[in-house]
Amino acid sequence: MIKVLIVDDIASTRENLQKLLAFEDDIEVVGMASDGREGIEAARTLSPHVVLMDVNMPGMDGIQATEALALEVPHCPVVIMSVQGERDYLRRAMQSGAREFLVKPFSGDELIASIRRVHDLELKKGTYVRVVSAAEGNGAAPAGPARRSVAAVHAIMAGKGGVGKSLLAVNLAAALRQQTGLRVCLVDLDLQFGDVGVLLNLQHTKTIAELVENVGALDPEFVNAVLAEGPEGLRVLQAPFSPELGDLVRADHVRAILDVLRREFDHIVVDTATQLSEATLEVVDMADTVCVVGALTIPAIKDTKLLLKMLESLRVEQERIVVVVNRHDAHADYNRARVEEHLRMPVLLEVPSDPRGIGTSIHRALPIVLSNPEAEFSRRVGELVRRIEPGVAGAAPVGDAKRAGPPARRFGFRREGR
Ligand SMILES: Nc1ncnc2c1ncn2[C@@H]1O[C@H](COP(=O)(O)OP(=O)(O)OP(=O)(O)O)[C@@H](O)[C@H]1O
Ligand SMILES: [Mg+2]
């Protein structure tokens, strides 16, 4: 029997759905709830195979409830039911983790087919959605965030150059990988002057240019061979080694490449160029998190504001935007409150200036989150990790990063040798 939970605030809708499903021999309605919070409680106690979730409900709505369910009761697939058939709703529903989207009014046949499809897929996946953690593989009890069927994309952007995008991207990716044990890919989309390869002292000779050349044949094996090995199992797609090759990377290439990567990873962190390009906008469109990095100087705040305005005009929802102020304690013309007032956006995170610590980490080509997880900079990056993966516990990263990281290497100007 497929056990179904119905979550809808309108009693007559709940009853109609129940009646429709009562005729099916293989489906049983095990519970009903009238809002998102109740639905989560019911899912927890009843362990249904499929949850039918309305979107518009008072209190916690269906999208929020679906997001919360993904964290609190994983492996409980949700079918969203809504009168809103617009693209935006559909996208939000899918981002929240819903498996199907039914536009009201729908027929009994459509509903039943949808429930069976979702349940069948769940059975086929079997152990696919499994819990992994940094401890997995060495016998320790793993209890970490679940793998995703499609990776979440996190774009690191800034209105001004040199504010710390690449540094933050490298550290965020490394921290996500180390603290969650999930599959993380760092993509350098600063296509002309990408720094990620240098920051990690990668010796790999393949870059995004290889993928663009073969964009018609992007199978996972080929993509895997193009990715470099970063520290702690982080995978990296490097930017081309010369600016003119960067010009050949088009927006549709970026989408095709990210589409393949999204199926192979749980998180994709994308470092971007300051100059807005079609490629960057493509990533913004796909991104779950748009991390806007700013600084506390008047020009940086002006440019951050311009970037936020542009994101607004592109209809990037505020929930996707995270404002980070880097070096908040250095040469500050502003403080956090004034910045928030000016930007009309909350600042999620303030990252301190740490010239010594960062300098050493760049010299060793090892992200500071790995070489010194106790540093304030690393702890702040950890906060960003927990915004992205709320299930990650504790302030200090798992394991002994100093020991687990690759041996210290001298900073080398890799590109000059090619
Ligand atoms: N919090 C910090 N403490 C100390 N140094 C920092 C900090 N943030 C950034 N830096 C330094 O500032 C410089 C610029 O950083 P980074 O290259 O990450 O900026 P960017 O925004 O990627 O620049 P670009 O626009 O050129 O891509 C680097 O040398 C980096 O080490
Ligand atoms: Mg950069």
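Ligand 1 is surrounded by 18 residues, the closest being Gly 162, Lys 165, Ser 166, Leu 167 and Asn 326; a residue is near a molecule or strand if one of its heavy atoms lies within 4 Å of it. The structure is a predicted model, in which local features need pLDDT of at least 70 and side-chain atom pairs count only at pLDDT 80 or more, while totals for chains, interfaces and linings use all residues. Residues are numbered from 1 along each chain as its sequence is written, chains are lettered from A and ligands numbered from 1 in the order in which they are written, and side-chain values use heavy atoms, with hydrogens and water left out.

By class, the shell around ligand 1 has seven nonpolar, seven polar and four charged residues (Ala, Val, Leu, Ile, Met, Phe, Trp, Tyr, Cys and Pro count as nonpolar, Asp, Glu, Lys and Arg as charged, and the others, Gly among them, as polar). Helices α6 (165–180) and α15 (355–364) each supply at least two residues of this shell. Helices (H or I, at least four residues) and strands (E, at least two) are DSSP runs, numbered from the N terminus.

A polar backbone atom of Gly 164 is 3.0 Å from an oxygen atom of ligand 1. A nitrogen atom of ligand 1 lies 2.8 Å from a polar side-chain atom of Asn 326, and a polar backbone atom of Asp 354 is 2.9 Å from a nitrogen atom of ligand 1. Taken alone, ligand 1 exposes 630 Å², of which the protein buries 77% (Shrake-Rupley method with a 1.4 Å probe; for residues, only the protein chains shown count as cover).

An open sheet of eight strands with mixed pairing has the order β8-β9-β7-β10-β6-β11-β12-β13; two strands pair if DSSP finds at least two bridges between them. Strands β8 (228–229) and β13 (347–351) each have a single partner strand, so one side of each is left without a neighbour in the sheet. Strands β6 (152–158) and β11 (289–295) run parallel and are joined by five bridges, with Ile 156 opposite Cys 291 in β11. Helix α6 lies across β6, β7 (184–189), β10 (267–272), β11 and β12 (321–326), at about 170 degrees to β10. Contact means heavy atoms within 4.5 Å; axes are lines fitted to C-alpha atoms, for helices over the stretch in contact, and angles run from 0 to 180 degrees between N-to-C directions. Helix α11 (251–264) lies across β6, β7, β9 (235–237) and β10, and runs at about 170 degrees to β7. In the loop between β8 and β9, Glu 232 has a positive phi near 60 degrees.

An open sheet of five strands has parallel pairing and the order β2-β1-β3-β4-β5. Its edge strands, β2 (27–33) and β5 (100–103), each pair on one side only. Six bridges join β1 (2–7) to β2, and Val 4 stands opposite Val 29 in β2. Helix α2 (36–46) packs on the sheet, touching β1 and β2, at about 160 degrees to β1. A cis peptide bond, with omega about 0 degrees, joins Lys 104 and Pro 105; Pro 105 lies in the loop between β5 and α5 (108–125).

Terms used: A polar contact is a pair of N or O atoms within 3.5 Å; within protein, one must be able to donate a hydrogen and the other to accept it, and residues adjacent in sequence count only if both atoms are side-chain atoms.
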